[in-house]
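Hi,

Here's the structure I promised to pass on.

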Amino acid sequence: MNQYFTPKEIIRILKEGNSREVNEVTTFLYKKYRQKVAYHVYKNNGKPEQADDILQEVMLKFLDLVQEDKFILQSKDDTIQAEREMEGYFMKIVYFKWLKFLEAEGRRKGRDGSGLNDEIQFNVENPLEILLSKESQKEANKIFSKLDEMCRNILLAFYVEEMSLEEIALKYNFTSVGAVKVKKFRCLEKLRGFLP
């Protein structure tokens, strides 16, 4: 029997449903997104078993994000728009998971690579530790507050909350992990410029 769940029902069940309902919803999501995930992985040099692995990882991540209220539907009353929103969010997780896999694979094989396998290495120390070790708390806060809000958010998320670049990209709507790396680097440079 083919069962259909609206995005609103999916969110409700994943947050409040019993294990049978949650299993039905995860099966529904698995069937709904399997082809799209496979296509993304295949077109980026992946194999069928890798697509399945990525889909399982993404399903777990999506469940966690819903249960932690990190994914909240904006289009609650428009089912079609809500489906697009959910699919876009789901596929964004797929994109970052696959990118992370490719980067890890590139490092594992010890190749420099180009494109998706490039790992931007800035080789920098934690500027917040430098700041706190050299200045009083009041002076450190004053220097840190000179950064724009996005820079403060990114540096705190990365260094204090220990969020991954992938999580930061999702939280702050960056288009790629690479964009987060570049922004973080620029923020570090700004912060260094404020240090005495």
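In helix 3, the buried residues are Gln-50, Ala-51, Ile-54, Leu-55, Val-58, Met-59, Lys-61, Phe-62, Leu-63, Leu-65 and Val-66. Keep in mind that this is a predicted model.

I also checked the length of that helix. Helix 3 covers residues 48-67, and its 20 residues at 1.5 Å each should span 28 Å; the C-alpha atoms at its ends are 29 Å apart, so the two agree. Just past helix 3, Asp-69 has a positive phi of about 60°.

Next, the second largest pocket, with a volume of about 310 Å³. Helix 3, helix 4 (79-108) and helix 8 (165-171) are the elements that each give two or more residues to its lining. Among the lining residues are Lys-61, Asp-64 and Leu-65, along with Tyr-89, Lys-92, Glu-167 and Lys-171. By type, the lining of this pocket splits into seven charged, four nonpolar and one polar. Lys-61 and Leu-65 turn up in the pocket lining and also count as buried in helix 3.

How many disulfides does a search of the whole structure find? One. Cys-151 and Cys-187 form it, with their sulfur atoms 2.1 Å apart. The pair links distant parts of the chain, 36 residues apart: Cys-151 sits in helix 7 (residues 149-160) and Cys-187 in helix 9 (residues 177-194). The torsion about their S-S bond is about -75°, so the disulfide is left-handed. Cys-151 counts as buried because its relative accessibility is 1%, and Cys-187 is buried too, at 0%.

Cheers

Definitions and conventions:
Residues numbered from 1 in each chain as written. Predicted model: local features only at pLDDT ≥ 70, side-chain atom pairs only at ≥ 80, totals over all residues. Heavy atoms only, no water. Disulfide = S-S within 2.5 Å. Helix = DSSP H or I, 4+ residues; strand = E, 2+ residues; numbered from the N terminus. Buried < 20%, exposed > 50% of the residue type's maximum accessible area, 1.4 Å probe, protein only. Expected span 1.5 Å × (residues − 1). 1 Å grid on protein atoms, 1.4 Å probe; cavity = no way out; pocket = protein on both sides within 12 Å on 5 of 7 lines; lining within 4 Å. Points joined across faces, edges and corners; volume = space filled by probe spheres on them. Nonpolar A, V, L, I, M, F, W, Y, C, P; charged D, E, K, R; others polar.
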